[in-house]
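Student: Could you take me through how some of the helices and strands are arranged in this one?

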Amino acid sequence: MNPNGTAAISVRGLTKHYDDVEAVRGIDFDVAPGEVFGFLGPNGAGKSTTISMLCTLTAPTAGTARIHGCDVVTQGSAVRRNIGVVFQDSTIDRYLTGEQNLRFQASLYGMSKQEGARRIKDLLDLVGLWERRSSLTDTYSGGMKRRLEIARGLLHSPRVLFLDEPTVGLDPQTRKAIWNYLRELREAEDITVFMTTHYMEEAEHCDRIAIMDHGVVIALDTPAALKAGVGEDRIRIHTGDSETVVAALRKRFGIEAEVHDDVVTFSVPDGEVFIPQLFADGGLPIDSVHMARPSLDDVFIKRTGFSLRDAEPPGRPAGDARLRAMGRR
Ligand SMILES: Nc1ncnc2c1ncn2[C@@H]1O[C@H](COP(=O)(O)OP(=O)(O)OP(=O)(O)O)[C@@H](O)[C@H]1O
(Lines give C-alpha, C1' and ligand atoms only; values in the text may rest on other atoms or scores of the structure.)
Protein backbone atom coordinates (compact mmCIF):
# COMPACT_ATOMS: atom_id res chain seq x y z
CA MET A 1 0.00 0.00 0.00
CA ASN A 2 1.25 3.54 -0.62
CA PRO A 3 1.40 6.19 2.15
CA ASN A 4 -2.20 7.36 1.54
CA GLY A 5 -3.37 3.77 1.72
CA THR A 6 -4.57 3.29 -1.86
CA ALA A 7 -3.97 -0.18 -3.20
CA ALA A 8 -3.00 -0.57 -6.84
CA ILE A 9 -5.67 -3.27 -7.08
CA SER A 10 -8.35 -3.85 -4.49
CA VAL A 11 -10.86 -6.68 -4.89
CA ARG A 12 -13.79 -7.43 -2.57
CA GLY A 13 -16.28 -10.25 -2.97
CA LEU A 14 -15.63 -10.33 -6.71
CA THR A 15 -17.96 -12.84 -8.32
CA LYS A 16 -18.75 -13.96 -11.85
CA HIS A 17 -21.41 -16.46 -12.85
CA TYR A 18 -22.00 -17.65 -16.39
CA ASP A 19 -25.50 -19.13 -16.13
CA ASP A 20 -24.94 -21.96 -13.66
CA VAL A 21 -21.10 -21.86 -13.87
CA GLU A 22 -19.62 -20.07 -10.86
CA ALA A 23 -16.37 -19.00 -12.54
CA VAL A 24 -15.26 -16.66 -9.72
CA ARG A 25 -16.82 -17.10 -6.31
CA GLY A 26 -16.42 -14.01 -4.17
CA ILE A 27 -12.67 -13.38 -4.01
CA ASP A 28 -10.85 -10.73 -1.95
CA PHE A 29 -7.30 -9.46 -2.29
CA ASP A 30 -5.22 -6.28 -2.45
CA VAL A 31 -2.13 -5.64 -4.53
CA ALA A 32 0.23 -2.92 -3.31
CA PRO A 33 1.73 -0.39 -5.74
CA GLY A 34 5.00 -1.71 -7.18
CA GLU A 35 4.24 -5.34 -6.43
CA VAL A 36 4.65 -8.16 -8.94
CA PHE A 37 1.57 -10.20 -8.13
CA GLY A 38 0.90 -13.62 -9.63
CA PHE A 39 -2.33 -15.50 -10.11
CA LEU A 40 -1.47 -19.20 -10.21
CA GLY A 41 -3.92 -21.99 -10.90
CA PRO A 42 -4.91 -24.78 -13.24
CA ASN A 43 -6.99 -24.23 -16.36
CA GLY A 44 -10.56 -23.36 -15.52
CA ALA A 45 -9.68 -22.00 -12.06
CA GLY A 46 -11.07 -18.56 -12.90
CA LYS A 47 -7.85 -16.65 -13.61
CA SER A 48 -8.85 -15.33 -17.04
CA THR A 49 -12.29 -14.35 -15.81
CA THR A 50 -10.71 -12.42 -12.94
CA ILE A 51 -8.19 -10.61 -15.13
CA SER A 52 -10.88 -9.71 -17.66
CA MET A 53 -13.06 -8.24 -14.90
CA LEU A 54 -10.08 -6.21 -13.65
CA CYS A 55 -9.42 -4.97 -17.19
CA THR A 56 -13.10 -3.95 -17.61
CA LEU A 57 -13.65 -6.54 -20.35
CA THR A 58 -16.18 -8.59 -18.35
CA ALA A 59 -18.77 -7.20 -15.92
CA PRO A 60 -18.76 -8.81 -12.46
CA THR A 61 -21.95 -10.51 -11.24
CA ALA A 62 -21.27 -9.15 -7.75
CA GLY A 63 -18.57 -7.56 -5.64
CA THR A 64 -16.17 -4.74 -6.45
CA ALA A 65 -12.76 -4.24 -7.97
CA ARG A 66 -10.81 -1.01 -7.96
CA ILE A 67 -7.65 -0.01 -9.79
CA HIS A 68 -5.91 2.84 -7.93
CA GLY A 69 -9.26 3.68 -6.39
CA CYS A 70 -11.25 3.62 -9.68
CA ASP A 71 -14.15 1.19 -9.86
CA VAL A 72 -13.98 -1.20 -12.83
CA VAL A 73 -17.74 -0.95 -13.43
CA THR A 74 -18.61 2.68 -12.84
CA GLN A 75 -15.26 4.27 -13.80
CA GLY A 76 -14.27 2.06 -16.72
CA SER A 77 -12.48 4.71 -18.78
CA ALA A 78 -10.42 5.91 -15.81
CA VAL A 79 -9.46 2.29 -15.15
CA ARG A 80 -8.48 1.78 -18.80
CA ARG A 81 -6.25 4.87 -18.67
CA ASN A 82 -4.48 3.38 -15.65
CA ILE A 83 -3.84 -0.07 -17.07
CA GLY A 84 -1.84 -1.75 -19.82
CA VAL A 85 -2.78 -5.24 -20.95
CA VAL A 86 -0.62 -7.84 -22.68
CA PHE A 87 -2.51 -10.82 -24.02
CA GLN A 88 -1.14 -14.23 -24.61
CA ASP A 89 -1.47 -14.25 -28.37
CA SER A 90 0.27 -11.73 -30.51
CA THR A 91 -1.91 -8.83 -31.60
CA ILE A 92 0.90 -6.94 -33.31
CA ASP A 93 0.77 -6.24 -37.04
CA ARG A 94 3.30 -8.51 -38.70
CA TYR A 95 3.48 -6.33 -41.84
CA LEU A 96 4.70 -3.32 -39.88
CA THR A 97 8.08 -2.77 -38.25
CA GLY A 98 8.37 -2.79 -34.48
CA GLU A 99 8.55 1.01 -34.42
CA GLN A 100 5.59 1.40 -36.79
CA ASN A 101 3.49 -0.86 -34.57
CA LEU A 102 4.19 1.37 -31.60
CA ARG A 103 3.68 4.57 -33.61
CA PHE A 104 0.27 3.32 -34.70
CA GLN A 105 -0.66 2.61 -31.09
CA ALA A 106 0.66 6.02 -29.97
CA SER A 107 -1.62 7.71 -32.50
CA LEU A 108 -4.60 5.74 -31.13
CA TYR A 109 -3.75 7.15 -27.70
CA GLY A 110 -3.69 10.64 -29.21
CA MET A 111 -0.03 11.18 -28.31
CA SER A 112 1.77 14.01 -30.15
CA LYS A 113 4.44 12.96 -32.66
CA GLN A 114 7.21 14.24 -30.41
CA GLU A 115 5.86 12.71 -27.23
CA GLY A 116 5.22 9.40 -29.03
CA ALA A 117 8.72 9.32 -30.54
CA ARG A 118 10.35 9.93 -27.18
CA ARG A 119 8.29 7.29 -25.40
CA ILE A 120 8.80 4.76 -28.21
CA LYS A 121 12.58 5.22 -28.07
CA ASP A 122 12.60 4.76 -24.27
CA LEU A 123 10.44 1.65 -24.41
CA LEU A 124 12.27 0.00 -27.30
CA ASP A 125 15.49 0.59 -25.37
CA LEU A 126 13.92 -0.90 -22.24
CA VAL A 127 12.86 -4.11 -23.98
CA GLY A 128 16.08 -4.36 -26.00
CA LEU A 129 14.51 -3.83 -29.43
CA TRP A 130 15.83 -0.41 -30.45
CA GLU A 131 18.41 -1.92 -32.80
CA ARG A 132 15.69 -3.97 -34.50
CA ARG A 133 13.09 -1.19 -34.62
CA SER A 134 13.11 -1.01 -38.42
CA SER A 135 12.66 -4.75 -39.03
CA LEU A 136 9.25 -6.14 -39.93
CA THR A 137 7.84 -7.85 -36.85
CA ASP A 138 7.24 -10.90 -39.03
CA THR A 139 11.01 -11.45 -38.75
CA TYR A 140 10.97 -11.22 -34.92
CA SER A 141 11.38 -14.30 -32.71
CA GLY A 142 8.58 -15.27 -30.30
CA GLY A 143 10.44 -13.61 -27.41
CA MET A 144 10.99 -10.37 -29.38
CA LYS A 145 7.30 -10.23 -30.27
CA ARG A 146 6.35 -10.68 -26.63
CA ARG A 147 8.75 -7.88 -25.65
CA LEU A 148 7.20 -5.62 -28.27
CA GLU A 149 3.75 -6.44 -26.87
CA ILE A 150 5.00 -5.47 -23.42
CA ALA A 151 6.40 -2.19 -24.78
CA ARG A 152 3.05 -1.51 -26.45
CA GLY A 153 1.17 -2.22 -23.24
CA LEU A 154 3.36 0.40 -21.54
CA LEU A 155 3.10 3.13 -24.16
CA HIS A 156 0.52 5.27 -22.33
CA SER A 157 2.48 4.93 -19.05
CA PRO A 158 -0.08 2.80 -17.20
CA ARG A 159 0.22 2.36 -13.46
CA VAL A 160 -0.73 -1.32 -13.57
CA LEU A 161 0.35 -3.79 -16.24
CA PHE A 162 -1.77 -6.93 -16.68
CA LEU A 163 -0.08 -9.88 -18.34
CA ASP A 164 -1.98 -13.01 -19.27
CA GLU A 165 0.45 -15.94 -19.20
CA PRO A 166 3.35 -13.71 -20.40
CA THR A 167 5.79 -16.47 -21.25
CA VAL A 168 3.54 -19.28 -22.44
CA GLY A 169 4.88 -20.97 -25.56
CA LEU A 170 8.38 -19.51 -25.15
CA ASP A 171 11.52 -21.58 -24.61
CA PRO A 172 13.09 -21.56 -21.12
CA GLN A 173 15.89 -19.18 -22.09
CA THR A 174 13.48 -16.65 -23.59
CA ARG A 175 11.19 -17.00 -20.57
CA LYS A 176 14.11 -16.11 -18.37
CA ALA A 177 14.93 -13.10 -20.55
CA ILE A 178 11.31 -11.89 -20.39
CA TRP A 179 11.50 -12.10 -16.62
CA ASN A 180 14.65 -10.02 -16.59
CA TYR A 181 12.91 -7.38 -18.70
CA LEU A 182 9.91 -7.41 -16.37
CA ARG A 183 12.17 -6.88 -13.38
CA GLU A 184 13.98 -3.97 -15.06
CA LEU A 185 10.65 -2.59 -16.08
CA ARG A 186 9.41 -2.51 -12.55
CA GLU A 187 12.44 -0.41 -11.57
CA ALA A 188 12.32 1.85 -14.61
CA GLU A 189 8.56 2.45 -14.82
CA ASP A 190 7.48 2.31 -11.17
CA ILE A 191 4.65 0.03 -12.10
CA THR A 192 2.52 -2.72 -10.54
CA VAL A 193 2.50 -6.01 -12.44
CA PHE A 194 -0.40 -8.46 -12.24
CA MET A 195 0.05 -11.69 -14.13
CA THR A 196 -1.67 -15.01 -14.53
CA THR A 197 0.30 -18.18 -14.93
CA HIS A 198 -0.01 -21.90 -14.63
CA TYR A 199 3.79 -22.31 -14.43
CA MET A 200 4.86 -22.87 -10.85
CA GLU A 201 8.45 -21.92 -11.69
CA GLU A 202 7.20 -18.61 -13.01
CA ALA A 203 5.11 -17.86 -9.95
CA GLU A 204 8.33 -18.11 -7.90
CA HIS A 205 9.43 -14.78 -9.42
CA CYS A 206 6.43 -12.93 -8.01
CA ASP A 207 6.51 -10.93 -4.79
CA ARG A 208 3.23 -12.56 -3.79
CA ILE A 209 1.02 -15.21 -5.32
CA ALA A 210 -2.67 -15.95 -5.08
CA ILE A 211 -3.34 -19.61 -5.79
CA MET A 212 -6.74 -20.06 -7.34
CA ASP A 213 -8.85 -23.17 -7.78
CA HIS A 214 -12.51 -23.58 -8.71
CA GLY A 215 -13.20 -19.87 -8.54
CA VAL A 216 -11.74 -19.26 -5.08
CA VAL A 217 -8.38 -18.04 -3.80
CA ILE A 218 -7.13 -20.95 -1.75
CA ALA A 219 -3.83 -19.40 -0.62
CA LEU A 220 -2.18 -15.99 -0.82
CA ASP A 221 1.30 -15.06 0.37
CA THR A 222 4.92 -14.76 -0.70
CA PRO A 223 6.25 -17.90 -2.43
CA ALA A 224 8.62 -18.51 0.52
CA ALA A 225 5.87 -18.20 3.14
CA LEU A 226 3.51 -20.46 1.19
CA LYS A 227 6.17 -23.15 0.94
CA ALA A 228 7.25 -22.77 4.54
CA GLY A 229 3.62 -23.35 5.54
CA VAL A 230 3.62 -26.77 3.88
CA GLY A 231 6.43 -28.38 5.78
CA GLU A 232 10.12 -28.67 6.41
CA ASP A 233 12.98 -29.48 4.07
CA ARG A 234 13.39 -33.21 3.54
CA ILE A 235 16.95 -34.57 3.76
CA ARG A 236 17.99 -37.93 2.31
CA ILE A 237 21.40 -39.40 3.12
CA HIS A 238 22.81 -42.35 1.18
CA THR A 239 25.21 -44.33 3.32
CA GLY A 240 26.81 -47.73 3.66
CA ASP A 241 26.47 -47.52 7.45
CA SER A 242 23.02 -46.26 8.36
CA GLU A 243 23.35 -47.29 12.01
CA THR A 244 26.26 -44.91 12.60
CA VAL A 245 24.51 -42.07 10.76
CA VAL A 246 21.23 -42.56 12.64
CA ALA A 247 23.07 -42.67 15.99
CA ALA A 248 25.05 -39.51 15.14
CA LEU A 249 21.90 -37.65 14.07
CA ARG A 250 20.22 -38.59 17.34
CA LYS A 251 23.21 -37.66 19.50
CA ARG A 252 24.26 -34.43 17.76
CA PHE A 253 20.92 -33.01 16.61
CA GLY A 254 18.23 -34.92 18.52
CA ILE A 255 16.81 -36.09 15.18
CA GLU A 256 14.95 -39.42 14.87
CA ALA A 257 15.56 -40.49 11.26
CA GLU A 258 13.93 -43.25 9.21
CA VAL A 259 15.98 -45.83 7.33
CA HIS A 260 15.04 -47.70 4.16
CA ASP A 261 17.63 -49.59 2.07
CA ASP A 262 20.61 -47.68 3.43
CA VAL A 263 18.88 -44.36 2.83
CA VAL A 264 18.39 -42.25 5.93
CA THR A 265 15.62 -39.65 5.73
CA PHE A 266 14.41 -36.91 8.06
CA SER A 267 13.07 -33.33 8.03
CA VAL A 268 14.67 -30.10 9.18
CA PRO A 269 13.34 -26.52 9.12
CA ASP A 270 16.21 -25.16 7.00
CA GLY A 271 18.22 -27.72 5.05
CA GLU A 272 20.69 -25.17 3.67
CA VAL A 273 21.78 -24.32 7.21
CA PHE A 274 21.64 -27.90 8.44
CA ILE A 275 23.80 -29.61 5.78
CA PRO A 276 27.03 -27.67 6.56
CA GLN A 277 26.50 -28.50 10.25
CA LEU A 278 26.17 -32.16 9.32
CA PHE A 279 29.63 -32.10 7.77
CA ALA A 280 31.18 -29.72 10.30
CA ASP A 281 32.75 -32.44 12.49
CA GLY A 282 33.50 -34.82 9.61
CA GLY A 283 33.89 -38.53 10.05
CA LEU A 284 30.36 -39.61 9.12
CA PRO A 285 30.08 -42.43 6.53
CA ILE A 286 28.02 -40.42 4.01
CA ASP A 287 28.02 -41.21 0.27
CA SER A 288 25.67 -38.45 -0.81
CA VAL A 289 23.09 -36.01 0.56
CA HIS A 290 19.94 -34.87 -1.19
CA MET A 291 17.65 -32.09 -0.04
CA ALA A 292 14.07 -31.49 -1.24
CA ARG A 293 12.30 -28.23 -0.48
CA PRO A 294 8.52 -27.99 -0.50
CA SER A 295 7.37 -26.64 -3.86
CA LEU A 296 4.38 -24.53 -4.81
CA ASP A 297 2.89 -27.76 -6.09
CA ASP A 298 3.12 -29.14 -2.53
CA VAL A 299 1.19 -26.06 -1.42
CA PHE A 300 -1.46 -26.83 -4.02
CA ILE A 301 -1.59 -30.51 -3.05
CA LYS A 302 -1.96 -29.64 0.61
CA ARG A 303 -4.90 -27.32 -0.09
CA THR A 304 -6.70 -29.32 -2.78
CA GLY A 305 -5.51 -32.90 -2.41
CA PHE A 306 -4.21 -33.07 -5.97
CA SER A 307 -1.24 -31.82 -7.96
CA LEU A 308 -1.32 -28.67 -10.05
CA ARG A 309 0.39 -30.66 -12.80
CA ASP A 310 -2.39 -33.28 -12.74
CA ALA A 311 -4.97 -30.52 -12.88
CA GLU A 312 -3.76 -29.48 -16.35
CA PRO A 313 -6.01 -30.84 -19.05
CA PRO A 314 -4.16 -31.53 -22.29
CA GLY A 315 -4.30 -29.02 -25.14
CA ARG A 316 -5.13 -25.35 -25.18
CA PRO A 317 -7.79 -24.27 -22.74
CA ALA A 318 -11.07 -22.72 -23.79
CA GLY A 319 -10.61 -19.85 -21.32
CA ASP A 320 -7.39 -18.66 -22.94
CA ALA A 321 -9.05 -18.53 -26.31
CA ARG A 322 -11.83 -16.39 -24.87
CA LEU A 323 -9.46 -13.87 -23.33
CA ARG A 324 -7.40 -13.74 -26.51
CA ALA A 325 -10.55 -13.07 -28.47
CA MET A 326 -11.45 -10.25 -26.08
CA GLY A 327 -7.98 -8.78 -26.55
CA ARG A 328 -8.46 -8.51 -30.28
CA ARG A 329 -11.61 -6.46 -30.04
N1 LIG B 1 -18.01 -16.90 -21.36
C2 LIG B 1 -18.16 -18.00 -20.61
N3 LIG B 1 -19.29 -18.74 -20.67
C4 LIG B 1 -19.46 -19.84 -19.92
N5 LIG B 1 -18.52 -20.30 -19.04
C6 LIG B 1 -17.37 -19.62 -18.96
C7 LIG B 1 -17.13 -18.44 -19.73
N8 LIG B 1 -15.89 -17.99 -19.39
C9 LIG B 1 -15.39 -18.84 -18.48
N10 LIG B 1 -16.27 -19.81 -18.21
C11 LIG B 1 -16.08 -20.91 -17.24
O12 LIG B 1 -15.64 -20.35 -16.04
C13 LIG B 1 -14.66 -21.17 -15.41
C14 LIG B 1 -13.38 -20.38 -15.19
O15 LIG B 1 -12.78 -20.13 -16.46
P16 LIG B 1 -11.50 -19.19 -16.67
O17 LIG B 1 -11.22 -19.13 -18.12
O18 LIG B 1 -11.67 -17.93 -15.95
O19 LIG B 1 -10.38 -20.05 -15.92
P20 LIG B 1 -8.79 -19.91 -16.03
O21 LIG B 1 -8.25 -20.19 -14.69
O22 LIG B 1 -8.40 -18.65 -16.65
O23 LIG B 1 -8.42 -21.08 -16.96
P24 LIG B 1 -7.90 -20.98 -18.45
O25 LIG B 1 -6.44 -20.92 -18.33
O26 LIG B 1 -8.44 -22.24 -19.00
O27 LIG B 1 -8.52 -19.76 -19.06
C28 LIG B 1 -14.49 -22.38 -16.31
O29 LIG B 1 -15.34 -23.39 -15.83
C30 LIG B 1 -14.98 -21.86 -17.65
O31 LIG B 1 -15.48 -22.93 -18.42
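Tutor: What follows covers a helix pair and then a sheet with its helices.

Tutor: This is a predicted model, in which local features need pLDDT of at least 70 and side-chain atom pairs count only at pLDDT 80 or more, while totals for chains, interfaces and linings use all residues. Residues are numbered from 1 along each chain as its sequence is written, and side-chain values use heavy atoms, leaving out hydrogens and water.

Student: At what angle do α5 and α6 pack?

Tutor: Helix α5 (residues 142–154) and helix α6 (residues 172–189) pack at about 20°, with axes 10 Å apart; axes are lines fitted to C-alpha atoms, for helices over the stretch in contact, and angles run from 0 to 180 degrees between N-to-C directions. α5 and α6 are therefore roughly parallel (angles under 35 degrees count as such).

Student: Which residues make the contact?

Tutor: On α5 they are G143, R146, R147, I150 and L154, and on α6 T174, I178, Y181, L182 and L185, where contact means heavy atoms within 4.5 Å.

Student: OK, the sheet now: what is the strand order?

Tutor: The open sheet has four strands in the order β12-β13-β11-β14, with antiparallel pairing; two strands pair if DSSP finds at least two bridges between them, and helices (H or I, at least four residues) and strands (E, at least two) are DSSP runs, numbered from the N terminus. The edge strands, each pairing on one side only, are β12 (258–260) and β14 (286–292).

Student: And how many bridges join β12 to β13?

Tutor: Three bridges join β12 to β13 (residues 263–268), and H260 stands opposite V263 in β13.

Student: Which strands does α10 lie across?

Tutor: Helix α10 (residues 271–280) lies across β11, β13 and β14, running at about 170° to β14.

Terms used: Parallel < 35°, antiparallel > 145°, perpendicular 65-115°, else oblique.
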